Amino acid sequence: ALMGYIAYVAIKRKFSKEKRSTLKEIWTHFRKAFFSLLLLVIVVGGIVAGIFTATEASVIAVLYAAILALIYGDISTKDFPDVLLTSAKTTAVVMFLICTSMAMSWLFSFESIPELMSSFLLEQFSNKFVIFLVINIVLLVIGTFMDITPAVLIFTPIFLPVVVALGMEPVHFGIVMVLNLCIGLCTPPVGTILFVGSGVAKISVSQVIKPLLPFLAIMIIVLLLVLYIPQISMFLPKLFGL
């Protein structure tokens with residue numbers, strides 16, 4: 001959907017066109033990227049085939065990427081201490097978020113907040129489609145000021161029992177929730193991608209807001225389609241028996 005809109009803008013504003021790549025150039029670049037692209041096949045294929053778990057897949061992915069980086073010369077053995085230190089810092093931040101969110105999840109469970117939220121929504125709204133819409137509006141608002149990782153860890157235990165009770169599959173809800181919160185990465189005041197994009201373009205965030213509105217509208221329309229037409233997002237998991 002976003003690519004379609006970008007193509008429309010490019011044609012309307014008569015942006016200059018790059019030279020189309022030849023089949024020979026495509027094949028040359030594909031061969032260079034083959035072993036890097038193979039990482040996706042190994043990780044996803046290994047999980048679907050039941051060879052390893054998702055956690056084990058992450059370890060295999062890191063090991064495979066490190067070996068490729070050494071072979072391609074992107075890093076050397078001297079760079080490993082800095083890489084490990086950076087990884088440790090990143091992991092520490094993530095683990096801290098997980099610890100605090102797990103504590104909050106325990107508190108929610110102890111206070112029966114998921115059950116209270118479920119009862120409240122079911123009592124206030126008789127139509128399940130309206131309940132789904134309300135949950136999505138809440139997640140969209142949360143996404144504007146909270147990062148995706150703590151949001152998923154905190155709000156999944158609250159909303160999952162509600163949507164499952166209304167007949168939504170957990171995988172479908174997971175897709176909707178992640179898509180929902182990813183939209184929040186593009187919206188102020190805490191939109192990470194928004195600030196990164198502004199930094200790359202070297203313009204202020206306020207200058208980005210107006211051109212961004214059509215993109216946000218498209219993303220929300222796609223979100224609603226994915227929410228109310230499960231087949232859009234579920235045909236692939238069902239194809240693999242997930």
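Is phenylalanine 34 buried, partly exposed or exposed? Phenylalanine 34 is partly exposed, with a relative accessible area of 35%, where buried means under 20%, exposed over 50% and partly exposed in between (1.4 Å probe, protein chains only). This is a predicted model, in which local features need pLDDT of at least 70, side-chain atom pairs count only at pLDDT 80 or more, and totals for chains, interfaces and linings use all residues. Residues are numbered from 1 along each chain as its sequence is written, and side-chain values use heavy atoms, with hydrogens and water left out.

**Confidence**
- The protein chain has a mean pLDDT (the predictor's confidence in each residue, from 0 to 100) of 84, and 98% of its residues reach 70 or more.
- Confidence is highest in helix 1 (residues 2–12), at 92, and lowest in helix 5 (residues 113–124), at a mean of 75; helices are DSSP runs (H or I, at least four residues), as are strands (E, at least two), numbered from the N terminus.

**Aromatic contacts**
- Seven aromatic pairs occur in the structure; rings of Phe, Tyr and Trp (its six-membered ring) pair if their centres lie within 6.5 Å, with planes under 30 degrees apart counted as stacked, over 60 as edge-to-face and the rest as tilted.
- Phenylalanine 34 and phenylalanine 35 make an edge-to-face pair, 5.3 Å centre to centre with 80° between the planes.
- Phenylalanine 35 is also partly exposed, at a relative accessible area of 44%.
- One aromatic cluster comprises Trp27, Phe30, Phe34 and Phe35.

**Annotated spans**
- The unreviewed UniProt entry lists several spans as "transmembrane region", including residues 33–52 and 58–75; such annotations may be inferred rather than shown by experiment.
- Residues 33–52 are 80% helix and 0% strand, with end C-alpha atoms 25 Å apart.
- Residues 58–75 are 83% helix and 0% strand, and their end C-alpha atoms lie 20 Å apart.

**Salt bridge**
- The structure holds one salt bridge, defined as a side-chain nitrogen of Lys or Arg within 4 Å of a carboxyl oxygen of Asp or Glu.
- Lysine 238 and glutamate 169 form this contact through their side chains (3.1 Å, N to O).
- Lysine 238 lies in helix 11 and glutamate 169 in the loop between helix 7 (148–165) and helix 8 (170–184), so the pair ties together parts 69 residues apart in sequence.
- Lysine 238 is partly exposed at 49% relative accessibility, and glutamate 169 is partly exposed at 35%.
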